[in-house]
Amino acid sequence: MTTRTDWNTWAEGRDAARLTDWLREVSEPDWSATVVHPLFDALAEGRLSEGDFAGYMVQDYGFVDPFTALLGHAIGQAPSMDDRVVLGQFMGMLTSDENSTFQRTFDAFDVSAAQRETPDYLPETLAFRELLHDTGQGGGYAEILAVLVVTEWIYLEWALRVTRVDGLHPLMGEWIDLHDNHAFQEFVGWLRRRLDEEAERLDDAAFARMAERFRETVARERAFHDAVMPR
Ligand SMILES: Cc1ncc(CN)c(N)n1
């Protein structure tokens, strides 16, 4: 289902077929279930309590730490300075604006020192951390790009989809803004283009690994958001 032959079959007869569109399609129903996840509607509509938002952000910071390391691997493995510049600029945003949103959220909602320093990660957070770590250690550039495309494209899609209420807590609004802005949209477009291009250079085995990594990452996204959704 995720071999190069499958991709070629899918692409045949389609005008301007894009690999990343196919990858998204073979990752259903997990892709759509994540984009339309009720957590994001609750967040945007002001129905997520401050405590639940802080709890989600604590778990998500457990994602962001190894994600930042993975981005470092991407910068190291990139084939050109052009790619390093784009990825490096995203790293700059992640470690300044986005990191600051987490820190100010923890301060504003009284997240304890213990929860910040030794967080109690859910099994789904731990599984996601492992995937990010393993991809950085063993994956090539295309496999790393596959993970980045999933995590950033999915966040762009939900952030574009939700309808925000007036009077939403500023930190919740800030979290949406970080994923709903022109620069982020451009970055996701660039990631997709680069994965479309890099996949063409892969041998069949590496292609299948890249495609499986994409699907696995989408499954992890869904499981993570199911787990952090307050019941
Ligand atoms: C779980 C998850 N996936 C993606 C993103 C967007 N970087 C995030 N912050 N958290």
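So, helix H2, residues 19-26: its buried residues pack against helix H1 (4-11), helix H3 (30-35), H9, helix H11 (182-200) and H12. The buried ones are Leu19, Thr20, Trp22, Leu23 and Arg24. By buried I mean 20 or more other C-beta atoms within 10 Å of the residue's own; exposed is 12 or fewer, partly exposed is in between, and C-beta atoms are placed from the backbone. Packing here rests on contacts, that is, C-beta atoms, placed from the backbone, within 7 Å. Helices are DSSP runs of H or I, at least four residues, numbered from the N terminus, and strands are runs of E, at least two.

Before I go on, this is a predicted model: local features need pLDDT of at least 70, side-chain atom pairs count only at pLDDT 80 or more, and totals for chains, interfaces and linings use all residues. Residues are numbered from 1 along each chain as its sequence is written.

Okay, H9, residues 141-161. At 1.5 Å a residue, its 21 residues should span 30 Å, and the end C-alpha atoms are 30 Å apart, so that agrees. The expected span is 1.5 Å times one less than the number of residues. H9 is mostly covered, with 18 of its 21 residues buried.

Now the ligand. Which residues surround the ligand? They are Asp60, Phe63, Val64, Thr151, Glu152, Tyr155, Glu221 and Phe224, where near means a C-beta atom, placed from the backbone, within 6 Å. Helix H5 (50-77), H9 and helix H12 (204-228) each supply at least two of the shell residues. By class, the shell has 4 nonpolar, 1 polar and 3 charged residues; Ala, Val, Leu, Ile, Met, Phe, Trp, Tyr, Cys and Pro count as nonpolar, Asp, Glu, Lys and Arg as charged, and the others, Gly among them, as polar.

On to the record. UniProt, in an unreviewed entry, places "binding site" at Asp60, Glu98 and Glu152. Those three span 93 residues in sequence, yet no two of their C-alpha atoms are more than 13.5 Å apart, so they gather at one spot. Asp60 is in H5 and counts as partly exposed because it has 19 C-beta neighbours inside 10 Å. Glu152 is in H9, and with 19 other C-beta atoms within 10 Å it is partly exposed too. Leaving out residues up to four places away in sequence, Glu152 touches Phe187, Val188 and Leu191.

Last one, Asp120. Asp120 is in the loop between helix H7 (113-117) and helix H8 (123-138), and it counts as exposed, with 11 C-beta neighbours inside 10 Å.

Key
UniProt positions renumbered as here; feature names shortened; annotations may be inferred. Contact = placed C-beta atoms within 7 Å.
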